[in-house]
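Please look through the sequence and the model below before reading on.

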Amino acid sequence: MADRIEQVWGTRTPYSRDTDWPRRVDLHLAQGLEESDVDAWVQSACVLCSNGCACDIAVKDGRMVGVHGRGDDLVNHGRMGPKGLYGSWQWNGEDRLTRPLIRRDGELVESDWDTAMDLIVRRSKDLLADTGPLSHGFYTSGQLFLEEYYTLGVIGKAGLGTPHMDGNTRLCTATAAAAMKESFGSDGQPGTYADIDHCDALFLFGHNMASTQTVLWSRVLDRLAGPEPPVVVAVDPRRTEVAAAAEESGGVHLDPLPGTNQALMNGLLRELIVNKWIDEDYVTAHTLGFAELEATVEPYTPGHVAEVCGVDPAALVRAAEIFGTTRCVLSTVLQGFYQSHQATAASCQVNNLHLLRGMIGRPGCGVLQMNGQPTAQNTRECGADGDLPGFRNWDNPEHIRQLAELWNVDLMTIPHWSPPTHAMQIWRYAEQGSIRFLWISATNPAVSMPELPRIREILGKEDLFVVVQDGFRTETAEFADVVLPAALWGEKQGTFTNVNRTVHLSDKAVEPPGEARADLDIFLDYARRMDFRDRDGDPLIPWRNPEEAFRAWQECSRGRLCDYSGLSYEKLRGGSGIQWPCDTDHPDGTERLYTDGVFSTDPDVCEDFGHDLLTGGTVSPEKYRAQRPEGRAFLKTAEYTLPPEEPDEHYPFVCTTGRTVYHFHTRTKTGRAPKLRRAAPEPWAELSAADAADLGVTDGALVRVESARGAVEVPARIGRVRPGVVFLPFHYGYWDVGDGGHTRAANEVTMTEWDPVSKQPLFKLSAVRVTKVGD
């Protein structure tokens with residue numbers, strides 16, 4: 001097999017439209033081992049991007065020693081990316097957390113589980129007695145298992161009764177959920193990865209798939225290399241591999257200035273409408289809001305959009321023509337749209353393009369509002385983030401009654417007097433002092449949150465009790481009062497669901513090191529020690545292991561869009577993952593949603609009653625019902641507005657953050673994988689050639705990138721970003737180099753602002769200045 005550091009996407013297996021993507025099983029074993037040396041292969045799926053590639057873990061002498069793709073799986077057909085091959089198991093080294101740590105005299109010292117959990121429970125009970133459940137906040141991840149999220153959701157919503165639960169999914173995928181709720185009435189991807197096999201055009205909106213989902217990009221490359229390749233259109237201020245493919249395919253690369261996506265989308269929609277590239281019958285039968293949409297986008301002529309966005313007006317017209325006249329179009333959306341000030345508005349316009357052409361629910365005509373993490377979908381489904389379990393509506397009394405009956409608790413125990421608290425507000429409450437107990441699991445906000453100087457100050461507050469649950473001693477763990485050692489991938493059992501609703505089972509391959517425990521076991525232990533009870537006096541959480549937790553979740557999901565009732569561990573074992581909904585009507589899962597043009601917008605079904613896309617103001621149940629959606633989708637619209645921070649004479653550049661293909665999140669795992677670490681050992685600042693020349697900066701020169709909030713000093717790279725824009729990868733923190741004066745993490749410069757609907761932070765819009773520090 002080719003070295004996947006140099007050949008990231010592997011060798012090509014070309015195929016034609018409307019045929020199956022060929023199998024190619026990727027394999028990597030520890031040096032010196034052959035397949036015949038492996039003691040056992042254990043089923044799993046990769047958790048180092050949102051693709052969720054099915055794989056098997058190689059085990060020898062009780063250790064993970066390699067991995068190979070599962071050839072029969074519908075997601076990856078046997079392929080794996082460089083992170084999965086080289087970073088999924090190599091981190092099981094010597095620096096894992098193996099015993100609980102507690103803070104004594106300002107220092108973290110080793111302890112035992114009883115002491116650590118007693119300390120947590122004592123503080124938890126004292127705060128509940130003193131100030132009530134609003135003193136508790138939980139900040140979790142997009143990398144735990146479904147069973148763990150659901151257990152945590154029940155603890156928070158029915159045990160404690162706190163609305164303060166969210167995850168780092170707020171940073172990467174909240175807009176995906178928000179856009180689908182606004183347009184279709186519920187979370188849940190309409191499309192599927194297999195739409196790549198059938199599409200004639202592929203639009204990627206703020207989605208550098210080549211770096212974020214390498215196996216999915218391999219699928220695109222194989223279509224491009226085969227007969228009848230699709231045309232690619234890329235929307236990105238950088239000339240990425242995706243942008244290059246767009247140009248080579250006869251498509252278009254649109255490079256709008258960060259913060260102008262909504263103007264660009266309004267311009268594309270206007271072109272479809274004025275050229276009558278729409279399916280009028282579908283729009284009439286299956287949508288609401290066309291007249292308002294048409295009026296809103298009318299001023300966004302190609303000339304006006306070009307002036308606002310800095311794009312070529314002819315390129316805009318050509319992109320619209322491709323969308324408007326091509327037989328089948330697949331669109332994907334990610335952080336370039338999600339981490340901006342009109343994130344939900346712009347993402348909804350992608351949905352609108354498809355609704356105007358009736359391109360929903362047919363092969364090759366999907367929308368994929370992508371996730372940034374492997375189990376982000378489960379966070380949203382299970383209620384461990386700012387949602388209710390089973391895509392239920394916090395403003396619908398019947399949905400609250402269903403949960404109260406399911407959990408056998410008083411209806412008023414479940415917080416539903418206002419929307420669940422989103423992550424940015426949780427951190428604000430901790431800053432203000434109303435949240436005094438913050439449990440952080442499987443995430444590293446001391447590197448990943450915006451405006452890091454502020455986050456460090458919050459974590460260091462004397463009156464904030466911080467619990468950190470992780471596999472490693474991260475930057476965040478250094479602020480904790482209690483650190484709990486958690487089992488990681490391969491060391492525990494559970495299920496998780498990827499972007500296109502595919503559920504995979506991950507079996508336990510090896511024992512966790514030392515005294516580390518599965519996250520599920522930690523949450524169950526907390527629930528037992530807190531003695532949470534239902535109305536009959538029985539334990540609130542009766543399940544004792546992952547499979548029992550999965551069965552409990554099946555009942556919670558029954559009858560909802562994300563229905564798991566037809567699944568089981570046995571059904572998921574072997575073969576391929578299965579796409580929900582999976583029930584008696586769909587025993588083998590469901591490839592695409594909304595094939596009949598009936599959406600989840602009925603008032604008794606919908607997950608949310610919607611928002612004003614400009615202000616974030618909620619739509620009342622009465623106003624929503626008055627629209628009589630009756631299963632029709634909403635063509636939500638909004639004018640373009642200026643971002644909250646723009647370049648000026650002091651800070652003349654826009655800084656946008658993003659990923660490198662070789663790392664995931666804050667490199668907790670990938671930074672410990674030798675091949676990946678060598679491939680991308682340090683951060684950098686990417687500048688255009690013109691800007692670098694003006695600054696007197698050459699490739700590799702040390703530059704200082706500074707905003708009003710902080711600064712980083714990193715080497716420069718030149719050439720791939722448009723003039724006026726600076727790019728910083730966000731993965732790099734300080735665990736492996738010391739704090740270095742805090743001049744390494746991209747989030748030293750980002751701002752504490754968020755989209756009004758999805759509440760997702762604006763990582764793409766920091767005004768900065770760049771100065772040369774040295775050669």
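In counting charges, Lys and Arg are taken as positive and Asp and Glu as negative, while His and the chain ends are not counted; each charge is placed at NZ of Lys, CZ of Arg, CG of Asp or CD of Glu. On that basis the protein carries 76 positive and 110 negative side chains, and the centres of these two sets are 2 Å apart.

This is a predicted model, in which local features need pLDDT of at least 70 and side-chain atom pairs count only at pLDDT 80 or more, whereas totals for chains, interfaces and linings use all residues. Residues are numbered from 1 along each chain as its sequence is written, and side-chain values use heavy atoms, with hydrogens and water left out.

The secondary structure comprises 26 helices and 27 strands, these being DSSP runs numbered from the N terminus (helices H or I, at least four residues; strands E, at least two). The radius of gyration is 25 Å, close to the 28 Å that the globule rule gives for 775 residues, so the protein is as compact as a globular protein of that length; the radius is taken over C-alpha atoms, and the rule is 2.2 Å times the number of residues to the power 0.38. Along its principal axes the C-alpha trace spans about 70 × 65 × 60 Å.

Of the 775 residues, 67% are buried, where buried means under 20% relative accessible area, exposed over 50%, and partly exposed in between (1.4 Å probe, protein chains only). Among contacts (heavy atoms within 4.5 Å) with a separation of 6 or more, 75% join residues 24 or more positions apart.

Because ten of the twelve residues are buried, H7 is largely enclosed by the rest of the structure. The buried residues include Trp217, Arg219 and Asp222, and their cover includes helix H1 (82–87), strand S9 (201–205), helix H6 (209–212) and helix H8 (241–248).

Phe391, in the loop between helix H16 (376–382) and helix H17 (397–407), has a positive phi near 55° although it is not glycine, and at 0% relative accessibility Phe391 counts as buried. Asp531, in the loop between helix H21 (519–530) and helix H22 (546–557), has a positive phi near 60°, but at 43% relative accessibility Asp531 counts as partly exposed. The peptide bond from Trp580 to Pro581 is cis, with omega near 0°.
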